[in-house]
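Colleague: Could you help me learn to read strands and cores in a protein model?
Modeller: Gladly, let us look together.

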Amino acid sequence: TLVFKHEPFSLLNLSKDVINSYTGLAGAANVKLTINAASTLPDIIGDRGRVAMVIQNLTDNAIRYTKNGGEIMITVEPRKLELYWAIKDTGLGIPEAHQKFIFDRFFRASNVSQEDFHGSGIGLYISKLIIEGLGGKIGFQSKEEKGSTFWFTLPLSKK
């Protein structure tokens, strides 16, 4: 059972902190990593440390599965009573037949397991547990050889 803190924090500032920690990996992979967001956004309610884990996992995946010279764009925007966070890459994408399993524990798509990518297939499963445990939603859109967009929403702070 996961126990969560429910405190207000800035999802944008957290995203910037995480992205700054991945600039070296993105640079080494020759991948452009940018954030698209208003300069100020309302706080969300959640567990900053656990949400950081989700952002780290999604960012790490996007960098690892995006080819040399690719681009990754993170978007953070308000939507009604929640904030929407998304990471869009120009990477490998996920075969349509495998998409229904992407949040299953230990699942890895065939186009990833054929390449030399390391991972256990547990990150997206844990990310889903965290986001849903905090009252949010998580999902994705993907097209093989075109890239993927993974997204989640979390409730706004009621300040």
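Modeller: Let us start with terms: helices (H or I, at least four residues) and strands (E, at least two) are DSSP runs, numbered from the N terminus, and two strands pair if DSSP finds at least two bridges between them. This is a predicted model, where local features need pLDDT of at least 70, side-chain atom pairs count only at pLDDT 80 or more, and totals for chains, interfaces and linings use all residues. Residues are numbered from 1 along each chain as its sequence is written, and side-chain values use heavy atoms, leaving out hydrogens and water.

Colleague: Which residue stands opposite Glu 82 in β5?
Modeller: That is Arg 79. β4 and β5 form a hairpin with two residues between them, and Lys 80 in the turn has a positive phi of about 55°. The two strands run antiparallel, joined by eight bridges.

Colleague: How many bridges join β5 to β7?
Modeller: Seven, and this pair also runs antiparallel. Ala 86, for instance, has Trp 151 in β7 as its bridge partner.

Colleague: How many residues of β5 are buried?
Modeller: Buried means under 20% relative accessible area, exposed over 50%, partly exposed in between (1.4 Å probe, protein chains only). In β5, six of the eight residues are buried.

Colleague: And what is a nonpolar core?
Modeller: A set of buried Ala, Val, Leu, Ile, Met, Phe, Trp, Tyr and Cys residues joined through side-chain atoms within 4.5 Å. The largest one here has 39 residues, and Trp 85 and Phe 152 are among those with the most contacts inside it. α3 gives the most to this core, with seven residues.
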